[in-house]
Amino acid sequence: MATATVTIDLNAIRQNWQKLRTISSKDTAAVVKANAYGLGVKQVAKALYDEGAKIFFVATAEEGAELRFILGKIPEIYIFSGHMIDDTELIKNHNLIPLINSIDQLSRHSELLKEKKFGVQLDTGMNRLGMEPMEWEAVKERALSLNPVLIMSHLACADDPKHKMNVTQLNTFRNLTNKINIKKSLAATGGILLGPEYHFDLTRPGIGIYGCSPMKDCLPVIKIDIPVIQIRDIRSGETVGYGNTWTSTAKKRIATISAGYADGIFRVTGQKTKLYFEEIGCPIVGRISMDLIGVDITDLNVEPDKLELINSQQTVDKIAKCAGTIGYEFLTSLGHRYNRYYKGVSK
Ligand SMILES: *Cc1c(COP(=O)(O)O)cnc(C)c1O
């Protein structure tokens with residue numbers, strides 16, 4: 001079989017969530033948007049629910065409806081994008097909680113789903129989603145009279161603990177929610193690590209559950225194995241791959257492995273990245289193709305039938321860095337072609 005395998009360790013996911021829960025002052029939710037950061041919302045959300053997570057966040061009402069189908073009636077499911085036109089039926093039928101982020105959305109929700117729960121999303125400086133302080137002042141009384149169940153905001157720079165934006169947003173959030181006796185939430189993974197003053201009533205970790213930076217001391221969650229299709233010996237002066245971008249300077253042994261940029265191994269990942277056989281790292285040579293990558297395996301004294309892209313030596317954070325990106329983007333770019341194998345599925 002030429003299909004590469006992502007092994008997803010649900011026990012590591014459970015333990016990472018428990019760790020975030022231990023650090024958090026009060027309740028801890030789980031963010032499972034974008035198919036649980038690409039790792040499979042069905043398996044991941046179930047594992048977290050069985051582990052005690054009862055509050056979930058997703059990006060869209062469609063994701064919320066899917067999650068409701070997976071987890072059943074009990075958990076609270078919040079929708080970051082709020083109540084968009086055409087979301088009404090989904091919100092109603094699947095008992096979702098939109099995080100209202102504008103006066104327009106507040107009007108829509110109060111007209112169409114007056115009796116249905118909602119939360120409020122405030123913008124404390126990121127300028128992405130949520131009501132601005134002025135808008136909030138204008139509708140605060142009306143919004144509070146409708147009994148929102150949560151008030152939240154999101155930090156722009158929480159992955160950098162020294163950034164002064166963190167304190168600025170914290171103070172803005174405090175001012176905007178002062179004397180309001182409703183559940184409050186500000187921190188995602190980065191915010192949890194900033195300290196308890198950022199935690200309020202509910203934290204919303206995502207990436208830390210999935211074992212990546214800015215979370216510290218978490219367990220790695222994925223491993224990637226890629227089958228070797230062919231092995232050949234080349235002479236000094238021969239080239240490998242499209243565009244002849246790499247020329248061998250000696251006799252080399254080249255393995256062609258079965259994955260490429262269609263599998264989220266970005267072309268820019270290039271030659272800093274290695275494929276591993278046990279402890280030995282073998283560099284990528286030549287351009288990464290859609291489905292294939294050349295690897296210099298001259299240093300191996302075996303002919304491997306597969307090589308590892310992600311393992312304890314080359315973590316998601318490390319390969320993301322090689323590609324000039326972050327773990328979030330690597331995970332959500334893995335694509336549909338992998339054989340996904342789940343370790344630790346509960347009976
Ligand atoms: C994605 C997201 C989170 C989770 O963030 P992580 O950095 O992955 O922990 C929390 N809150 C909001 C508003 C988000 O968009």
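Phe 57 and Tyr 78 are both buried, where buried means under 20% relative accessible area, exposed over 50% and partly exposed in between, with a 1.4 Å probe and protein chains only. This is a predicted model, in which local features need pLDDT of at least 70 and side-chain atom pairs count only at pLDDT 80 or more, while totals for chains, interfaces and linings use all residues. Residues are numbered from 1 along each chain as its sequence is written, and side-chain values use heavy atoms, with hydrogens and water left out.

Let us stay with the aromatic rings for a moment. The structure holds five aromatic pairs; rings of Phe, Tyr and Trp (its six-membered ring) pair if their centres lie within 6.5 Å, and planes under 30 degrees apart count as stacked, over 60 as edge-to-face and the rest as tilted. One of these pairs joins Tyr 37 and Tyr 210, which is stacked because the ring centres are 4.5 Å apart and the planes stand at 25°. Tyr 37 belongs to helix α2 (residues 33–37) and Tyr 210 to the loop between β10 (202–203) and β11 (222–234), so this pair ties together parts that are 173 residues apart in sequence. Helices (H or I, at least four residues) and strands (E, at least two) are DSSP runs, numbered from the N terminus. Tyr 37 is buried at 6% relative accessibility, and Tyr 210 is buried with a relative accessible area of 2%.

Now back to Phe 57 and Tyr 78, which also form a stacked aromatic pair, with 4.9 Å centre to centre and 15° between the planes. Phe 57 lies in strand β4 (residues 55–58) and Tyr 78 in strand β5 (residues 76–79), so parts that are 21 residues apart in sequence are tied together by the pair. Tyr 37 and Tyr 210, for their part, form one aromatic cluster with Tyr 328.

From β5 we can walk on to β6. These two strands run parallel and are joined by two bridges; strands pair if DSSP finds at least two bridges between them. Ile 79 has Pro 98 in β6 as its bridge partner. Between the two strands the chain passes through helix α5 (residues 88–93), and this β-α-β crossover is right-handed, meaning that, with the strands pointing away from the viewer, the path from the first strand over the helix to the second runs clockwise.

How do the side chains of strand β6 (residues 97–100) point? Ile 97 and Leu 99 point one way, Pro 98 and Ile 100 the other way, and all are buried. In a regular strand the side chains alternate between the two faces of the sheet.

On the other step of the walk, β6 pairs in the parallel sense with strand β7 (residues 119–121) over two bridges, and Ile 100 stands opposite Val 120 in β7. Together with helix α6 (residues 103–112), β6 and β7 make a right-handed β-α-β unit. Gln 105 lies in helix α6 and is buried, with a relative accessible area of 4%. Not counting residues up to four places away in sequence, Gln 105 touches Ser 81, Gly 82, His 83, Met 84, Leu 99 and Ile 100, where contact means heavy atoms within 4.5 Å.

Leu 144 counts as partly exposed at 25% relative accessibility, and its contacts, leaving aside neighbours within four places in sequence, are Trp 136, Ile 180 and Ile 182.
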